[in-house]
Amino acid sequence: MAQVAEPGASCIGVDPSVADNPKYCYGWLKAFKTATLALDCTDFQGKTTNCWDVIDAIQIHAYARTAAEVKEKIKGYETVFQEDFDGTNGRKKKTLWLTEVAMGSNNATEITGFVDDLMNEKDGLNNRETFGFVEKVSWFSDYSFDSFKVGTYVPHENEVWSSTLFFPFGQLSPVGERFFSHCGSSSSVMV
């Protein structure tokens, strides 16, 4: 799962299974970019380029308790990969795909508010002036999944979350209704 974009301590060659080693490699994608810029690859058109510029989209996941946390994470990726999203400094222009997103909760009222905060046209992902580099958004839909620490929130023992867009027989859940309601605008980025 993608963590924050800005690198922390170097984790190259660090085994996360070893006691006292970092469990997450913050900013690993920036290190990957640096390494792949030095490698030659052939793109799908048969053109030789560096291995970073064969990539069309930067894909991340985001789970959070607030939409503001997700938008902050996305803005962090924009800062670190600005030249890629702009297609400047010789970089092939890329987009960002939010390939999994959900709120860490099992409360449909909270989650529908999260969806509105995340997707609205004022300051959410459907604001194409601010988030024009975000091309795709895919909601993580699961009827029930194990919780985990997100941000500063530590779930209680045996806490489970729900993010389902559909009920078992195909009807939209309240979260699904809210998520798909944001598809109606011409600026929509959802898949």
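Is W139 buried or exposed? W139 is buried, because its relative accessible area is 7%, where buried means under 20% relative accessible area, exposed means over 50%, and partly exposed lies in between, all found with a 1.4 Å probe and with protein chains only. The structure is a predicted model, in which local features need a pLDDT of at least 70 and side-chain atom pairs count only at pLDDT 80 or more, whereas totals for chains, interfaces and linings use all residues. Residues are numbered from 1 along each chain as its sequence is written, and side-chain values use heavy atoms, with hydrogens and water left out.

**The chain as a whole**

- The protein chain contains six helices and seven strands, where helices (H or I, at least four residues) and strands (E, at least two) are DSSP runs numbered from the N terminus.
- Read along the sequence, these elements follow the pattern α-β-β-β-α-α-β-α-α-β-β-β-α.
- Along its principal axes, the C-alpha trace of the protein chain spans about 50 × 50 × 30 Å, and 39% of the 191 residues count as buried.
- When contacts (heavy atoms within 4.5 Å) between residues at least 6 apart in sequence are considered, 56% of them join residues at least 24 apart.
- The protein chain exposes about 10,700 Å², of which carbon and sulfur atoms supply 54%; such accessible areas come from the Shrake-Rupley method with a 1.4 Å probe, and for residues only the protein chains shown count as cover.

**Aromatic rings**

- The structure holds 16 aromatic pairs. Rings of Phe, Tyr and Trp (its six-membered ring) pair if their centres lie within 6.5 Å, and planes under 30 degrees apart count as stacked, over 60 as edge-to-face and the rest as tilted.
- One of these pairs joins W139 and F179, whose ring centres are 5.8 Å apart and whose planes stand at 45 degrees, so the pair is tilted.
- This pair links distant parts of the chain, since W139 belongs to strand β5 (residues 134-139) and F179 to helix α6 (residues 174-181), 40 residues apart. F179 counts as buried because its relative accessibility is 1%.
- The rings of F166 and F180 also form a tilted pair, because their centres are 6.1 Å apart and their planes are at 45 degrees.
- F166 lies in the loop between β7 (160-161) and α6, and F180 lies in helix α6, so this pair ties together parts that are 14 residues apart in sequence.
- F166 counts as partly exposed at 38% relative accessibility, and F180 counts as partly exposed at 32%.
- W28, F32, W52, Y77 and F81 form one aromatic cluster.

**Charges over rings**

- The charged end of R65 sits over the ring of Y153, 3.8 Å from its centre; a charge sits over a ring if NZ of Lys or CZ of Arg is within 6 Å of the ring centre and within 35 degrees of the ring normal.
- The charged end of K75 sits over the ring of F131, at 5.4 Å from the centre of that ring.

**A buried and an exposed residue**

- I111 is part of helix α4 (residues 108-119) and counts as buried, because its relative accessibility is 2%.
- Leaving aside neighbours within four places in sequence, I111 is in contact with M103, S105, N106, W139, S162 and V175.
- The C-alpha atoms of I111 and S163 are separated by 7.7 Å, although these residues are 52 residues apart along the chain.
- T42, in strand β1 (residues 40-42), counts as exposed at 53% relative accessibility, and T42 touches K47, T48 and V54 when residues up to four places away in sequence are not counted.
- The C-alpha atoms of T42 and I12, 30 residues apart along the chain, are separated by 26 Å.

**Positive phi angles**

- Most residues other than glycine have a negative phi.
- D20, which is not a glycine, has a positive phi of about 70 degrees; D20 is found in the segment before α1 (28-37) and counts as exposed at 81% relative accessibility.
- N89, which is not a glycine, has a positive phi of about 55 degrees; N89 is found in the loop between α3 (82-86) and β4 (95-103) and is exposed, with a relative accessible area of 62%.
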